[in-house]
Amino acid sequence: MTSPRDEFDWQAAEADVTAGPDAEVVDLDDARARRAVPRPRPAGGTHFDVTLDEVPQRGGMPVDPPPATLSGRRPIVPAGWSTWPNIKHSARQAAELAAYRAGFHTVRAPWYATQAAFWATVGVFRLTGRQVRWWWVAEQTGLRQAAADAGDAQTWHKLHREVKNTRAWRGLVLAAEVLTLGVGGPIVWALAPWWALTAGAGLAVAYLAHVGRPDDRPIITPATVAGRFRRVNPDIILRAYYAAGLGHPDKAHQRVEFGSTMARDASGTGSQVSIDLPYGKTFDDAVKARGAIASGLDVAVSQVFITRDPSSHRRHTLWVADRDPLAAGAGRTPLLRGKATDIWQPAPFGLDERGNKVAVDLLWNSILIGAQPRQGKTFAARLLALYAALDPYVKLTVFDGGGKPDWRKFSLVADRCAFGLAMTRDGDPAEIVVEALREIKADVQDRYERLSALPPEVCPEGKLTREIARDPRYRMPVRLVVLDEFQEYFDLGEVSKEIASLLVYLVKVAPAAGVGFVDATQRPSGVGTGQVAQQFISFRDNHQVRFALRTGSWQVSDLVLGSGAYSEGHDSSTLLPTYKGVGILRGATDATPTVRTYLADQEDAEKILLAARKLREAAGTLTGMAAGEDIGRESRDVLADVAGVFQGKEPGLHWKVIAARLGEQMPEHYADATDESISAQCRAIGVPSVSVNMRGSVGRGARKVDIDRLITGRNSA
């Protein structure tokens with residue numbers, strides 16, 4: 001690498017050529033050639049091998065593809081034609097493109113013909129005018145006028161004689177042209193075959209239309225448009241970093257250097273280079289200056305990606321996309337094929353900024369999805385749930401606190417589901433949620449005990465295997481719990497305490513037992529107060545995989561992606577509002593890509609769920625509400641259950657005693673019940689909370705007479 005001072009000063013050499021007869025003669029072509037040859041890179045030098053342009057050339061030109069090998073040699077046979085599969089693929093692409101272009105131009109052929117006829121008519125007059133001006137030697141008129149103005153009669157007469165002679169022989173040429181057309185035209189018309197006349201007329205019209213049309217009015221519209229984008233070179237990168245305040249070119253210890261050569265990335269969609277900031281500047285400084293860097297590069301901020309380099313805190317990798325990689329959607333989900341999936345394999349989720357496929361492991365993970373409203377949060381969560389639905393051996397539980405129509409069709413396959421918070425024919429959604437979470441907790445605890453008891457040859461290391469999960473004898477299928485707008489379940493009063501406690505326990509413990517979670521919210525900052533608010537935060541922070549679509553601020557982005565995401569350069573608040581279904585995925589792999597999720601709209605989801613139901617019916621794994629099972633008893637009758645814990649002639653009981661007795665008598669329903677939760681549930685159905693004296697101890701509770709009165713009124717209704 002060379003610095004600007006090491007370069008050959010070819011501009012000075014060019015000036016020397018015109019300095020005078022005694023100046024040294026320099027071959028400019030040789031000077032420029034020597035200037036363009038890279039010189040050996042000195043230790044501590046800069047990356048670029050040309051002088052830093054004060055005003056870099058504007059972009060817009062295509063970027064050459066990278067050499068196929070490290071030697072810089074391109075393959076003799078292009079990769080697209082090197083093997084038989086590649087040849088077939090390339091031929092198919094070429095045929096498809098040719099067919100598309102043919103159809104495009106066929107539709108527009110009448111308009112092309114109309115334009116060609118019009119401009120050909122104009123071309124006849126323009127061509128005639130050119131011929132007349134050529135015959136008249138119009139270009140000499142100015143010279144004769146100048147001689148007349150100067151009173152130079154000798155020069156004027158000389159020019160006049162020349163123009164007369166020129167007009168004479170050019171007139172003969174024009175007369176021959178007219179005679180040829182007048183005589184030869186009818187002869188050709190009478191004797192030439194029709195195809196020759198057609199071809200000749202077509203060529204004549206095309207030529208005359210070319211002469212007649214303006215340069216900026218093409219007749220044929222291109223069927224395809226070649227993409228053009230800015231060329232990113234080291235000069236422009238240095239300009240961008242210095243303009244962003246990340247260094248100074250005139251200070252030795254404040255120069256931005258390159259840790260690698262500028263190169264195209266493997267996907268061919270952008271350019272990347274390793275950047276070494278000056279000592280004292282950090283990766284965090286580059287992240288904060290991302291917008292200024294994009295401005296200096298003269299590209300959109302969505303085209304600039306900065307990735308931490310683990311070897312040094314002042315080093316990072318800059319990747320600049322040729323065009324906005326997030327503006328184009330990823331397309332519809334491959335799940336539309338309706339084929340059975342396998343939860344033990346990653347679920348297809350979308351495409352990253354470089355066009356690579358991104359998949360997410362649902363097994364052993366809990367996934368948090370957060371965003372502002374109408375940014376694609378529910379679509380992203382539903383996409384993962386649809387993948388699980390197509391595996392007939394996965395037991396699905398789906399709850400939507402918002403009650404949107406997006407999830408309703410999951411009743412076709414879900415073991416338990418509830419939508420919204422209003423009472424339905426299936427019961428109180430909050431009660432269904434509590435009941436389901438209790439059942440899942442009991443199942444998780446039971447699984448750990450049974451897995452520990454299985455022999456090592458069946459259950460290596462005491463962990464769930466694919467064979468165990470798919471064998472009905474063990475009763476341990478993989479389960480997926482989907483909660484959309486889960487913040488609603490933390491804001492239901494007393495019952496939220498039990499829901500929050502169950503969710504925190506399960507999100508911490510259940511994934512290792514084969515029970516995954518996909519949870520979405522538009523309120524990642526939390527809801528509720530006191531213990532419920534703390535449990536909301538604990539629940540939110542115990543997700544291993546995070547996906548943040550557009551958020552309102554970097555602070556909210558950090559709540560979704562996890563602490564430290566912003567300092568690593570990940571901020572979902574910078575995503576444009578026009579992007580739908582685009583977010584930052586953190587924790588799924590070592591990389592943190594920006595993902596364009598696949599699309600599955602309401603109609604697509606219904607089609608996939610109908611296919612999923614057929615798969616489950618064929619496998620005999622349809623259970624719960626989807627199978628039409630009666631869950632009336634499983635949704636607790638709190639009033640009758642509380643009445644059953646009164647013993648003998650007890651007139652009243654404290655809430656704490658009621659909760660304890662319910663837990664002992666019906667642990668499957670009330671194992672985690674507290675005096676506050678039981679009190680809230682009873683008061684919600686009309687049981688008054690009163691002072692009760694139990695053997696000299698006074699406390700809040702319920703009277704037997706009030707409960708009996710409510711039961712009698714309900715039975716007589």
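**Notes on the predicted model**

1. Let's start with the second largest pocket. Its lining is made by 33 residues, and those nearest the centre are Phe-305, Ile-306, Gly-569, His-570 and Thr-592. Please keep in mind that this is a predicted model. The pocket holds about 680 Å³ of space.

2. Which elements build that lining? At least two residues each come from helix H8 (283-288), strand E4 (304-308) and strand E14 (582-586). Strand E4 gives the most, with five residues. Sorted by class, the lining of this pocket has 15 nonpolar, nine polar and nine charged residues.

3. Leu-191 belongs to helix H5, which covers residues 153-191. Is Leu-191 buried or exposed? Its relative accessible area is 71%, so Leu-191 counts as exposed, the cut-off being over 50%.

4. Now for the charged pairs: the whole structure has 31 salt bridges. One of them joins the side chains of Arg-315 and Asp-276, at 2.5 Å from N to O. This pair ties together distant parts of the chain, with Arg-315 in strand E5 (residues 315-321) and Asp-276 in strand E3 (residues 270-276), 39 residues apart. Asp-276 is buried, because its relative accessibility is 8% and the limit is under 20%.

5. A second pair worth a look is Asp-604 with Arg-332, whose side chains form a salt bridge of 2.3 Å, N to O. Here the two partners are 272 residues apart: Asp-604 lies in helix H16 (residues 602-619), and Arg-332 sits in the loop between E5 and strand E6 (347-351). Asp-604 is buried at 9% relative accessible area, whereas Arg-332 is partly exposed at 45%.

6. Finally, consider the salt bridge between the side chains of Lys-377 and Asp-484, 3.9 Å from N to O. Lys-377 is in helix H10 (residues 377-389) and Asp-484 in strand E11 (residues 479-484), so this pair also links distant parts of the chain, 107 residues apart.

7. A network of salt bridges links Lys-377, Asp-400, Lys-404, Asp-484 and Glu-485.

How values were computed:
Residues are numbered from 1 along each chain as its sequence is written. This is a predicted model: local features need pLDDT of at least 70, side-chain atom pairs count only at pLDDT 80 or more; totals for chains, interfaces and linings use all residues. Side-chain values use heavy atoms; hydrogens and water are left out. On a 1 Å grid over the protein atoms alone, a cavity is a set of points where a 1.4 Å probe fits but cannot get out, and a pocket is an open set with protein on both sides within 12 Å along at least five of seven lines; lining residues have an atom within 4 Å of a point. Grid points are joined across faces, edges and corners, and a volume is the space filled by probe spheres set on the points. Helices (H or I, at least four residues) and strands (E, at least two) are DSSP runs, numbered from the N terminus. Ala, Val, Leu, Ile, Met, Phe, Trp, Tyr, Cys and Pro count as nonpolar, Asp, Glu, Lys and Arg as charged, and the others, Gly among them, as polar. Buried means under 20% relative accessible area, exposed over 50%, partly exposed in between (1.4 Å probe, protein chains only). A salt bridge is a side-chain nitrogen of Lys or Arg within 4 Å of a carboxyl oxygen of Asp or Glu.
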